[in-house]
Amino acid sequence: MTTLQVNGRNHTVDVDPGTPVLWALRDNLGLTGTKFGCGAALCGACTVHVDGQAIRSCITPVGSVEGRAITTIEAVTQGEDRVGRAVHEAWVRHDVAQCGYCQSGQIMSATAFLKSLPKGQKPSAADIDAAMAGNVCRCGTYERIRAAVADAARAIA
């Protein structure tokens, strides 16, 4: 049994400590907003936050995050996360999603990136591209992603 703190609540899951966080979230807790993409931490579809840092949940074992704060896309876009809400709203304004499969990971990475910036700092296009480089969009909406991240940065400034 492992206790995970997810979206501000403690959950006990009956999984092996080596089970990837992704599967505990999806299969045990029913939080299906986090997606399986590659299973090798190369595409970013499975991105969640652990103690505020973007991590790839497909390769992170639950045993390594016990007692740490895990945040999923559900809390970032539907909760009281001001930055996450700004990113989500910018995604909609810029019509970023096409197929939408990678979007939860993209939004999680963008949110962590914007939270890491000093207050009031506006990221350059190069900063945004570097921060988002680990997230693959098979539809190729990278220009819209960049525009949405810049827009969200302006909204939270």
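The talk below goes from the sheet to the aromatic pair, the cavity, the pocket and a helix residue.

Modeller: Some ground rules come before the labels. This is a predicted model, where local features need pLDDT of at least 70, side-chain atom pairs count only at pLDDT 80 or more, and totals for chains, interfaces and linings use all residues. Residues are numbered from 1 along each chain as its sequence is written, and side-chain values use heavy atoms, with hydrogens and water left out.

Biologist: What makes strand 1 and strand 2 a pair?

Modeller: Two strands pair if DSSP finds at least two bridges between them. Strand 1 (residues 2–6) and strand 2 have five bridges, so they pair, in the antiparallel sense. One of the bridges sets V6 against R9 in strand 2. The two strands form a hairpin with two residues between them. N7 in that turn has a positive phi of about 50°.

Biologist: How are strands and helices picked out in the first place?

Modeller: They are DSSP runs, numbered from the N terminus: helices are H or I with at least four residues, strands are E with at least two.

Biologist: How do you know that strand 3 pairs with strand 4 and with strand 5?

Modeller: Count the bridges. Strand 3 has four to strand 4 (residues 53–56) and two to strand 5 (residues 69–71). Both pairings run antiparallel. The cut-off is at least two, so both count as pairs. On the strand 4 side, V48 stands opposite I55 and V50 has Q53 as its bridge partner. On the strand 5 side, H49 has T71 as its bridge partner, and V50 stands opposite I70. Strand 3 and strand 4 also form a hairpin with two residues between them. There, D51 in the turn has a positive phi of about 50°.

Biologist: What is the order of the strands in the sheet?

Modeller: The five strands form an open sheet in the order 2-1-5-3-4, with mixed pairing. Strand 2 (9–13) and strand 4 are called edge strands, as each pairs on one side only. The twist averages 40° from one strand to the next. For such angles, axes are lines fitted to C-alpha atoms (for helices over the stretch in contact), and the angles run from 0 to 180 degrees between N-to-C directions.

Biologist: Why are both faces of strand 3 called covered?

Modeller: T47 and H49 on one side and V48 and V50 on the other are all buried. Buried means under 20% relative accessible area, exposed over 50%, and partly exposed in between (1.4 Å probe, protein chains only).

Biologist: Why is the W23 and F36 pair called tilted?

Modeller: The structure holds one aromatic pair. In it, W23 and F36 lie 5.4 Å centre to centre, with 35° between the planes. Rings of Phe, Tyr and Trp (its six-membered ring) pair if their centres lie within 6.5 Å; planes under 30 degrees apart count as stacked, over 60 as edge-to-face and the rest as tilted. The angle falls in the remaining range, so the label is tilted. The pair links distant parts of the chain, 13 residues apart: W23 is in helix 1 (residues 21–28), F36 in the loop between helix 1 and strand 3 (47–50).

Biologist: Are W23 and F36 buried or partly exposed?

Modeller: W23 has a relative accessible area of 29%, so W23 is partly exposed. F36, at 33%, is partly exposed too.

Biologist: What makes a cavity a cavity, and a pocket a pocket?

Modeller: On a 1 Å grid over the protein atoms alone, a cavity is a set of points where a 1.4 Å probe fits but cannot get out; a pocket is an open set with protein on both sides within 12 Å along at least five of seven lines; lining residues have an atom within 4 Å of a point. The search finds one cavity of 30 Å³ or more. Its lining includes K35, C38 and C58. The largest pocket holds about 150 Å³. L114, P118, K119, G120 and I156 lie nearest its centre, among 13 lining residues.

Biologist: Why is A110 called buried?

Modeller: A110, in helix 4, has a relative accessible area of 0%, so A110 is buried. A110 and V149 are 39 residues apart in sequence, yet 6.4 Å apart in space, C-alpha to C-alpha.

Methods
Points joined across faces, edges and corners; volume = space filled by probe spheres on them.
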